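Take a walk through this two-chain model.

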Amino acid sequence: MKKLMLAAAVTFAASAYAGEWHTGTTNLCTDCHTMHFSMQHGFAGGAVGTTPAPNGDWMGATGPNNFLLKLPANELCKTCHDGQTFAPDVVTANFNATPTQGRSAGALNEAASATPYESWKGHTLGSTTVPPGFAPARVGLSTTWYDPAGGLECINCHTQHGMAGAYRNLGPRSLGANVPTYVISPTNDATRDVWINIPAGYLANSGSAATFNPYYDSASVSYNRNDRTVGTTTTSNGLDAMCATCHGNFHGGPTDTEISNAQTLGGLDGFIRHPTSGITIGASGAAGYGGHSSLSRYTGAVTKVKVYSDAAGYTDASPGCVSCHKAHGNQNPFGLVFLSRNATSVGEEGGYASGQTQNLMQGYRNLCGQCHSQGN
Amino acid sequence: MTMAILLPMCGEAGNWHRGESLVCSDCHTMHGSQSHAWSGASPVSVTPVPGGDWLTATGPGSKLLKAAPDQLCIACHDGSTSTAPDVVAPVGYVADPAGGAFESTSAPSALGHDLGGTSPVVPPLGKAAVLLTCRSCHDPHGNGNFRNLRPNPSGSQLGAGATVVVDEAVVANGSNPAQVYVASNLAYRSGTSAWCMDCHDAYPDAVAAGTKHPTDRRIEGAAQASWAVWAAVDPTVRVRVESPADPQVPSADDQVFCLSCHKAHGSPNADALIYADRVTMDSTCAQCH
C-alpha cells in the first residue's frame, strides 16, 4: 500500500500544474468519469477501491450515473472534498487542520447538516430554493442558465473541467472574460481579481493540509479592485460578477437601479441595497459615494474584513460580497463574517474583541462597524 | 428564546439604541431580502423582533432602512413591541409616560408634535421652518445624551446646541420600559428649555415682552408664585420641575420649565398641555400659584 501511495504521489507531482487543480493537465477524466461503470481491476491490476484514489483509479459504489460520472455530481465532489486528508474539505467542519484564519470560502452545508452548520448558514448543496435576488440577466446571462429545481450543485459555481486562469475554476463559462482571475505570488498583480499571497509556483494537489492550507487560507487571499460593467451591472471584482449570476439584484453600485436611487433621491442617501461595487469607502460625494462609511475607521482596524482594493492605504477600497459573506458559508446565519475590528483571533466566523458580548447582535455590530462609525 | 435572554444583557448603561444596544439590523437590511430568520425559521417575521431578526414586507428602502424613517421607529414604538416604550396614543404600558404620546403617526395634531411631516414648517413661536421627524429630536445611532436627544433638533446647527441633563434611577435594559419612561424615574437637572427653544426660538422674545410664562425661573422667591403652595402639592400629581442644584423635589432650586406644563410628544390636551388633575389646566397652574 505504501508503495502504491508513493508511486501515486510521484505521478501527481509530475503532472501537477501551477495553479488550480482540475484544469489543464490536472483535469483528469478518470478522476470523475467511468466509461462503462465497470472496472474489474485497478490500473496496476489488483482490487479497485470505492474511495478516491489518485488519477481516478477507483470506482463509485452507486451507478451508472448521468454523464458517465462515478457518482452523482455533488456526491462525486464530496468524495474528495469532504473528510479526506489529500484535498481541501469544503463541507461543514474541516476534517483537516484549519488554516490560520480559516478556509477562505468557509464551509458548505447540506439540508441534513447538524449544528453548527445548519442549512441557513450559507450555501446548501442540493437546495431547490430560488436564489435570493435571482436576476441573471443583470450580468448578461440567460434566466435559464441555472435551474433551481435541479438542486444546487458544486458545478453551478465551479467549472468541473477547469477554466484556465479562473480563480478556483469559478464560472460559469458564459461569463467569459469576467470570471474571477488570480495570481499566485508574493507580489500582487493588480490586473487580476484575486491575489493569493504565497510563494510562486504552488502546485495544487500537493496532498496534505500542511501544503495546501496556505493556498486556501483566508489570510493568504486578498482581492483587487477591477471596475467593469458585466451585462448591465457594475462590478469591482470578477468574484462579484460570479455571485451576481445567481444573486443579481444584490449587486452593483451608484448607477445600478437595484442598488441605488441616487438619481432620484439625491446621491449619497440613495442606496436602497448595500452597494457591492463602484464606491470607495469613506469617499464623499460623487467621487466615491462612500460618505456614510469611514476609511480611517477601516484602516484603523487591527483585524479587517476583505475589500476590493489594490491601492496603498486602501484608498480605492470598495466593499463586496466577500466583505460580509463566506462564499460557501460558515457557522453564522447567511454565512456572515462577524469580525470585530479588534478581534483577538480571526477564524471562518470572524472573531470577537476581548470583553465583547458574543451574540449575533454584537456580531452584526462588529461587521458593520468595520467601515461604519455610526453608534460606535 | 436565546436572543431574548441575551438582549437585556447587552445594553449600555444609559439610553437604548446606543453602544451595544444599537443593533444595525434593528433598522437596516443590506439587500432588502431575508429568506429566513436567523434561526433558519421561515418565513421571517414582518413585525419587529428585538435584535433585528425581521423584515418589513415593503422595500427596499432608502438608506437600507426596513421601512420609511418615522414608520420604522413607530414599528417598535407603537405599543406592538412590549420591550419598547409606546409613544403613540393610547398608551397602555404605563398610565402616564414621561414623554406623553403622539395623537397620530401621520396626520397633523393639535395635541402635540406632529409625525409624518414631509416638508419644513415654522413651529409655534419659532422663527424658521423645521422638518419634524423622530430623527429631528432623537439621534437614531445614539449619542450619549438623555434619550439620544440631538443638541440641535432644529437642524440649524447654530450655536453650540443644548444638552439635556436628566438623572435616571433605572436605565433601559431592553425589557423595562414601564420602569424607565415615567416621571418618577427622572430628575431633570438642566438644559431642557434651551433644547426646546432650539426650534421654538421666538419664545424668549415673548417672555421678555411679558406675553409668555417664563421658564427656568425658581419657584421659591418668585413674586407671582408661592413656594408654600408648591411645597404642599400632593406628590402623586406634582408636575415636573428642573432641579439644577439637587435632584430633590420639592426643594429651593426647583424651577418651572417647559415640561412643567407640556409633554414632549403630546398629551390628551391642546398644545400637549399637562392637566395635573387630568381634568383642568387650572390644576396645573394652581400647583405654583
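Predicted model: local features only at pLDDT ≥ 70, side-chain atom pairs only at ≥ 80, totals over all residues.

Start where the chains meet. Chain A brings 24 residues to the contact, and chain B brings 28 residues. Together they bury about 2500 Å². Carbon and sulfur atoms account for 68% of that area. On the chain A side, W120(A), M361(A) and R365(A) supply 25% of the area buried against chain B, more than any other three residues.

Next, the polar side of this interface. Between chain A and chain B there are 9 residue pairs in polar contact, counting pairs with both residues at pLDDT 80 or more. Salt bridges are absent: the rule finds 0 across the interface of chain A and chain B. Which element of chain A gives the most to the side that touches chain B? Helix 9, residues 360-368, does, with 6 residues. By residue class, the chain A side divides into 12 nonpolar, 9 polar and 3 charged.

Q34(B) sits in the loop between helix 2 (24-27) and helix 3 (69-77) of chain B. Buried or exposed? Q34(B) has a relative accessible area of 14%, so it counts as buried; the cut-off for buried is under 20%. Beyond its neighbours within four places in sequence, Q34(B) is in contact with F334(A) in the other chain and with V44(B), D53(B), W54(B) and L55(B). Two polar contacts involve the side chain of Q34(B). One joins it to the side chain of D53(B) at 3.0 Å. In the other, a polar atom of the Q34(B) side chain lies 3.2 Å from the backbone oxygen of H36(B). Compare the sequence with the space around it: Q34(B) and H17(B) are 17 residues apart along the chain, and their C-alpha atoms are separated by 23 Å.

Now look at chain B by domain. The domain assignment gives domain 1 (41-76) and domain 2 (92-289). Their C-alpha centres lie 30 Å apart. How many residues of each domain of chain B are in contact with the other? The count is 6 residues of domain 1 and 7 residues of domain 2. The area buried between these domains of chain B is about 500 Å², with 58% from carbon and sulfur atoms. P69(B), D70(B) and I74(B) supply 72% of what domain 1 buries against domain 2, more than any other three residues. Between the two domains of chain B the count is 0 salt bridges. The rule finds 1 residue pair in polar contact there, with both residues at pLDDT 80 or more. The residues on the domain 1 side divide into 3 nonpolar, 1 polar and 2 charged.

Stay in chain B for a buried arginine. R147(B) lies in the loop between helix 4 (134-137) and strand 1 (165-168) of chain B. Its relative accessibility is 15%, so R147(B) counts as buried. Its side chain makes a polar contact of 2.8 Å with the side chain of E168(B). Leaving aside neighbours within four places in sequence, R147(B) also touches N15(B), H138(B), V180(B), Y181(B) and L186(B). From R147(B) to L132(B) is 15 residues in sequence and 17 Å in space, C-alpha to C-alpha.

Chain A has a buried arginine too. R225(A) is in the loop between strand 5 (221-223) and strand 6 (228-230) of chain A. At 14% relative accessibility, R225(A) is classed as buried.

Finish with helix 3 of chain A, residues 73-81. Its buried residues are A73(A), N74(A), L76(A), K78(A) and T79(A). The cover over them includes helix 2 (29-32), strand 1 (109-110) and strand 2 (124-125) of chain A. After helix 3 of chain A comes G83(A), with a positive phi near 85°.

Key
Residues numbered from 1 in each chain as written. Chains lettered and ligands numbered in written order. Heavy atoms only, no water. Contact = heavy atoms within 4.5 Å. Buried area = accessible area lost by both parts, 1.4 Å probe. Salt bridge = Lys/Arg side-chain N within 4 Å of Asp/Glu carboxyl O. Polar contact = N/O pair within 3.5 Å; in protein donor to acceptor, adjacent residues only side chain to side chain. Helix = DSSP H or I, 4+ residues; strand = E, 2+ residues; numbered from the N terminus. Nonpolar A, V, L, I, M, F, W, Y, C, P; charged D, E, K, R; others polar. Buried < 20%, exposed > 50% of the residue type's maximum accessible area, 1.4 Å probe, protein only. Domains from an automatic or database assignment.
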